[in-house]
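Visitor: I would like to learn how to read the backbone of a model like this one. Could you take me through some features?

Guide: Gladly; here is the model.

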Amino acid sequence: MRQENTIYDIAIIGGGLGGLTLAIQCAKQNRKVLLIEKESYPYHKVCGEYISNESWPFLLSCGINLHELDLPKIQRLGITAPNGTYLSHNLAKGGFGISRFTLDYLLAQQAKLAGVNLLENCKATKIEFENNQFYIQTTQGVFTSKYAFGSYGKKGNLDVQLNRDFVQEKKRGLKNYIGVKYHIQSSFPPDLIELHNFKDGYCGISKIDNNQYCLCYLTTEENLKNNGNNIKAMEENILYKNPFLKILFTQATFLYKQPLSISQIRFEPKTQIENHFVLLGDAAGLITPLCGNGMSMAMRAAKMVSVLLPANLDDANERAQFESNYQKEWKKAFKTRLKFGRIFQKLFGSVYITHLILNLLKPFPSLLKKLVRLTHGNDF
Ligand SMILES: Cc1cc2nc3c(=O)[nH]c(=O)nc-3n(C[C@H](O)[C@H](O)[C@H](O)COP(=O)(O)OP(=O)(O)OC[C@H]3O[C@@H](n4cnc5c(N)ncnc54)[C@H](O)[C@@H]3O)c2cc1C
């Protein structure tokens, strides 16, 4: 097994949006950066692929020329309930659509250009902190760094190794969710994102690059189990009860042979630091997809880290100060959003409450605007 002599300034585990953008920012500060990613780019990910405009300037600063990509600008939100209620709303801030296949690949290229040592097809299996350094075991050898960051997503093998609180089974009766995604072709309006409620879940649709649409939903593992673990049967028996979804699913052209799916999604609070290992993105706190801005949160945390990092990475006092500042800033930026995300998720999971809320909100667009605002932030 390879054991490099290099001591990296920064090692990052997980090359999704949080990890890639953090790697780029740190490399631009002339730090020696290692990024460890278990997949190889480009690859598809379960995600609604709608990015809140709060991230636009930051992505430009990471070298992604969004203007040239001719991406759909999304300015209208439609929310439906299975009884046919439709609530429409103009998004004050709005967003844009881009597939993770394209965006993560473009960021990976920028990371390499910035000098990041990006290891693909490399899985981190263990992390330890000793004598002011991190030792990271991976499928390609052991690596050493002064600081280490975990941006490996919602739940991973390292959470188990670190024995993090939230992996300790079935706390407080929280539900496990699954995510399912398709890329489709459709005649859906390019400036609209729709969220369609169904029993214990919701499905989003919006346009992305390459003249395609992302159709992605979240529901409980129980819904799938009750339908013999058959995704198609679950869609026909549960999702199609919302007439808007039935039309979408039966009239679209599906571009994958099989849906892309993930399981074991839970939305409980998490810690942001484990024995000096600093977490960001979904690894630090997973916002419900209903809020449509987990990607922006992961990138905002990356920017936060890069701004707070001390010049001297060897000093233990500076490390303590950095960790304290990061936790403060993280809570200030995300704690309220995550809390409201969890509340909205619970309400939107119930068909009855969704009918009620949509009807109540219809005459009060300014209230809906405030609710959307609670889960979003300003440009960064
Ligand atoms: C159904 C669903 C729909 C969503 N829709 C939206 C949306 O429309 N808009 C939005 O903003 N957000 C959405 N989100 C949330 C968004 O996808 C995440 O918040 C965002 O991807 C988090 O980025 P991240 O960098 O933390 O993790 P990720 O993007 O998940 O990246 C984690 C990376 O770590 C790698 N990895 C994992 N373990 C290891 C390991 N041991 N070693 C090496 N590499 C590892 C993975 O391969 C992956 O590339 C949605 C989420 C779900 C579940």
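**Reading the backbone**

Guide: Let us start with a loop: P42 lies in the loop between β2 (33–36) and β3 (50–52). Please keep in mind that this is a predicted model.

Visitor: What kind of peptide bond joins Y41 and P42?

Guide: As a general idea, most peptide bonds are trans, and most residues other than glycine have a negative phi. Here, the bond between Y41 and P42 is cis, with omega at about -5 degrees.

Visitor: Now the strands, please. In which sense do β7 and β8 pair?

Guide: In a regular strand, side chains alternate between the two faces of the sheet. Strand β7 (residues 124–130) pairs with strand β8 (residues 133–138) in the antiparallel sense, over six bridges. One of the residues to look up is A124, whose bridge partner in β8 is T138.

Visitor: Which residue in the hairpin of β7 and β8 takes a positive phi?

Guide: That is N131, with phi near 50 degrees, in a hairpin that has two residues between the strands.

Visitor: And where is D200 found?

Guide: D200 sits in the loop between β11 (192–198) and β12 (201–207). Its phi is positive, near 60 degrees, although D200 is not a glycine. The relative accessible area of D200 is 21%, so this residue counts as partly exposed; the cut-off for buried is under 20%.

Visitor: Is N229 buried or exposed?

Guide: N229 is exposed, because its relative accessibility is 54% and the cut-off for exposed is over 50%. This non-glycine residue has a positive phi of about 55 degrees, and N229 belongs to the loop between α5 (221–225) and α6 (231–237).

Notes:
Residues are numbered from 1 along each chain as its sequence is written. This is a predicted model: local features need pLDDT of at least 70, side-chain atom pairs count only at pLDDT 80 or more; totals for chains, interfaces and linings use all residues. Side-chain values use heavy atoms; hydrogens and water are left out. Two strands pair if DSSP finds at least two bridges between them. Helices (H or I, at least four residues) and strands (E, at least two) are DSSP runs, numbered from the N terminus. Buried means under 20% relative accessible area, exposed over 50%, partly exposed in between (1.4 Å probe, protein chains only).
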